[in-house]
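Hi,

Here is the structure I said I would pass on.

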Amino acid sequence: SEAISALGPTLFGDNVNLQNGSLGFSVTDVSIAGNNSLPVAITRTFGTKTAGGAMRGTLPSTNRKDSPMGDWDIDLPYVGGTFALSLGWINSAAGKSAQRCSVANAAEATPKSVTVGTNIFPSTSYWHGTRMNLPGRGSQALLVVNSASPRPTGSNAYWTTSSFTAVSCLSSILNGTGEGFIATTTDGTRYWFNWMATAYDQELTQQRNSGLGYDHLPRGKIGLYATRVEDRFGNWVTYTYSNASNAPVRLTAINASDSRQITLAHNANGFVQSVSSEGRTWSYEYATDTLTGVVQ
């Protein structure tokens, strides 16, 4: 009882993203306990460098942030990255624009360069790799596997992460074209990533060769969100969405095999207006596109 333990780097509920230096916060508003370890929860996250993503529109009167809660995100399982909106999520392999998962090497997984006006934007300028986010496990880069990469028995894995999550492919997704992903963690939990969503990101600007004016490359954060999570015992959680593949993610419900359920409603701007579960409702208040309050 007299021992003094280290308080750690998250003393005030904050954390620092070592990938981009962003100061972030994470708050769980709703968490429903069940008879298995799969979470049924609404956790929102805030990053000082990535709050709400970029503005949609070019005039102040039409600007609107694309995150589900204005300047806050919902911590959902997804695979994705930042791509040129003119191309979408495609790789550089000829004839394989739909094969975003089944690549043979890192070169095939790299997007193409984009020509805008007099400038060429190489993939290294607008794309910074493909990453997987798992709630409670954080975000990790997807790496193309090699023969020495550990993987589950019988798994035809194309990708892995630093925590040895093995990632293979789905032949199609539910709201668009091209391949999806299915990931298996080391504890046997599987994630089906097959619902696409697109949010605006900061565009890139380069001066034209003539010196007169600039060329602009619009970018988007394109993700494949999980629709199903299943543990090795057969327990499952499903996620339901309502957005089109070229629109921001709009989560409408979370359901579990043990009857846990969360439902979400959205306002006219597409932000989460309320979250309901177990007879209780949490309402979300905004000043334009900034989250200002959560009321139970």
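Predicted model: local features only at pLDDT ≥ 70, side-chain atom pairs only at ≥ 80, totals over all residues.

Residues are numbered from 1 along each chain as its sequence is written, and side-chain values use heavy atoms, with hydrogens and water left out.

First, the disulfide (a pair of cysteine sulfur atoms within 2.5 Å). The structure holds one, and it joins Cys101 to Cys169 with an S to S distance of 2.0 Å. The pair links distant parts of the chain, 68 residues apart: Cys101 is in the loop between strand 7 (78-84) and strand 8 (114-116), and Cys169 is in strand 14 (residues 166-170). Strands here are DSSP runs of E, at least two residues long, numbered from the N terminus. The torsion about the S-S bond is about -85 degrees, so the disulfide is left-handed. Cys101 is buried at 0% relative accessible area, whereas Cys169 is partly exposed at 23%. For those words, buried means under 20% relative accessible area, exposed over 50%, and partly exposed in between (1.4 Å probe, protein chains only).

Next, an open sheet of four strands, with the order 1-2-3-6 and antiparallel pairing. Two strands pair if DSSP finds at least two bridges between them. Strand 1 (14-16) and strand 6 (73-74) are at the edges with a single partner strand each, so one side of each has no neighbour in the sheet. Strand 6 is joined to strand 3 (residues 41-47) by two bridges, and Thr45 stands opposite Asp73 there.

Then there are the hairpins. Strand 15 (residues 180-184) and strand 16 (residues 190-207) run antiparallel, joined by four bridges, and Thr184 has Arg190 as its bridge partner. Five residues lie between these strands, and in that hairpin Gly188 takes a positive phi near 90 degrees. Strand 16 also runs antiparallel to strand 17 (residues 214-230), with 15 bridges; Gln206 is partnered by Asp215. In this hairpin there are six residues between the strands, and Gly211 takes a positive phi near 85 degrees.

Finally, back to strand 2 (residues 23-31), where Phe25 lies. Phe25 counts as partly exposed, at 30% relative accessibility.

Over to you!
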